[in-house]
Amino acid sequence: MLIEYPEYLIHRQWMSRALDLAKIAGDAGEVPVGAVIIDAGGNVIAEGENRKERDQDPTAHAEIIALRAAANSLHNWRLNQCTLYVTLEPCPMCAGAIVQARLQQLVYGVDDTKTGAIRTVTNIPDGAASNHRLRVMGGVLESTCRQQLQTWFANRRQRNNGQR
């Protein structure tokens, strides 16, 4: 029998919200990645989903959008009492921004075997150049996050093959 610990149940709740945001991104033609930032009291202070295509902005990743909104909401770039939930392991750019924001914790869904910069391809938060350490938990709703991405990419390939 699987025992669900209260902290893990909370992580699943917020990852579910990040998945909802990822769906919004995917439905808009973006790679489906969603992010939610929670404060120490368990309140949502920021959300984001991928917007690179819509905004024509190479930095418009879900994590960056959520970090900017959180800093604006708190009137402070230091997010050291906050947790970021994101459906896909952050890339190098986002991992650097996470370190710079001094986040307390990062919780992500699925490893990114191509550009993951938290644990999979490289490890920016624990690297020698990092001036901040944060708690990291991967694998929350991993299969759901993976399936969402795989389905989106399969549908995209199918549409692109039909246009030839």
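## Surroundings of Glu 30

Contact here means heavy atoms within 4.5 Å. In this predicted model, Glu 30 touches Ala 25, Asn 50, Arg 51, Lys 52, Glu 53, Arg 54 and Trp 152, when residues up to four places away in sequence are not counted. Glu 30 belongs to the loop between helix H1 (6-27) and strand S1 (34-38).

Although placed in a loop, Glu 30 is buried, its relative accessible area being 2%. One of its contacts, Lys 52, has its backbone nitrogen 3.1 Å from a polar atom of the Glu 30 side chain.

## The aromatic pair

Trp 152, which is also among the residues touched by Glu 30, takes part in an aromatic pair with Phe 153. The count of aromatic pairs in the model comes to 1. The ring centres of Trp 152 and Phe 153 are 4.9 Å apart and the planes stand at 85 degrees; planes over 60 degrees apart count as edge-to-face, so the pair is edge-to-face.

The two partners are classed separately by accessibility. Trp 152 counts as buried at 10% relative accessibility, whereas Phe 153 is partly exposed, with a relative accessible area of 32%.

## Helix H3

Helix H3 covers residues 62-74. Its 13 residues should span 18 Å at 1.5 Å a residue, and the end C-alpha atoms are 18 Å apart, which agrees. Just after H3, His 75 adopts a positive phi of about 55 degrees.

The buried residues of H3 include Ala 62, Glu 63, Ile 64, Ile 65, Ala 66, Leu 67, Ala 70 and Ala 71. The elements that cover these buried residues include S1, strand S2 (44-49), strand S3 (83-88) and helix H4 (92-100). As a general point, an α-helix has 3.6 residues a turn, so residues three or four places apart point the same way.

## Glu 63 and its annotation

UniProt, in an unreviewed entry, places the feature "active site" at Glu 63. Glu 63 lies in helix H3 and is buried, with a relative accessible area of 4%; buried means under 20%.

With neighbours within four places in sequence left aside, Glu 63 is in contact with Ala 35, Leu 84, Val 86, Leu 88, Pro 90 and Cys 94.

How values were computed. Residues are numbered from 1 along each chain as its sequence is written. This is a predicted model: local features need pLDDT of at least 70, side-chain atom pairs count only at pLDDT 80 or more; totals for chains, interfaces and linings use all residues. Side-chain values use heavy atoms; hydrogens and water are left out. UniProt positions are given in the numbering used here, feature names are shortened, and annotations may be inferred rather than shown by experiment. Helices (H or I, at least four residues) and strands (E, at least two) are DSSP runs, numbered from the N terminus. Buried means under 20% relative accessible area, exposed over 50%, partly exposed in between (1.4 Å probe, protein chains only). Rings of Phe, Tyr and Trp (its six-membered ring) pair if their centres lie within 6.5 Å; planes under 30 degrees apart count as stacked, over 60 as edge-to-face and the rest as tilted. A polar contact is a pair of N or O atoms within 3.5 Å; within protein, one must be able to donate a hydrogen and the other to accept it, and residues adjacent in sequence count only if both atoms are side-chain atoms. The expected span of a helix is 1.5 Å times one less than its number of residues.
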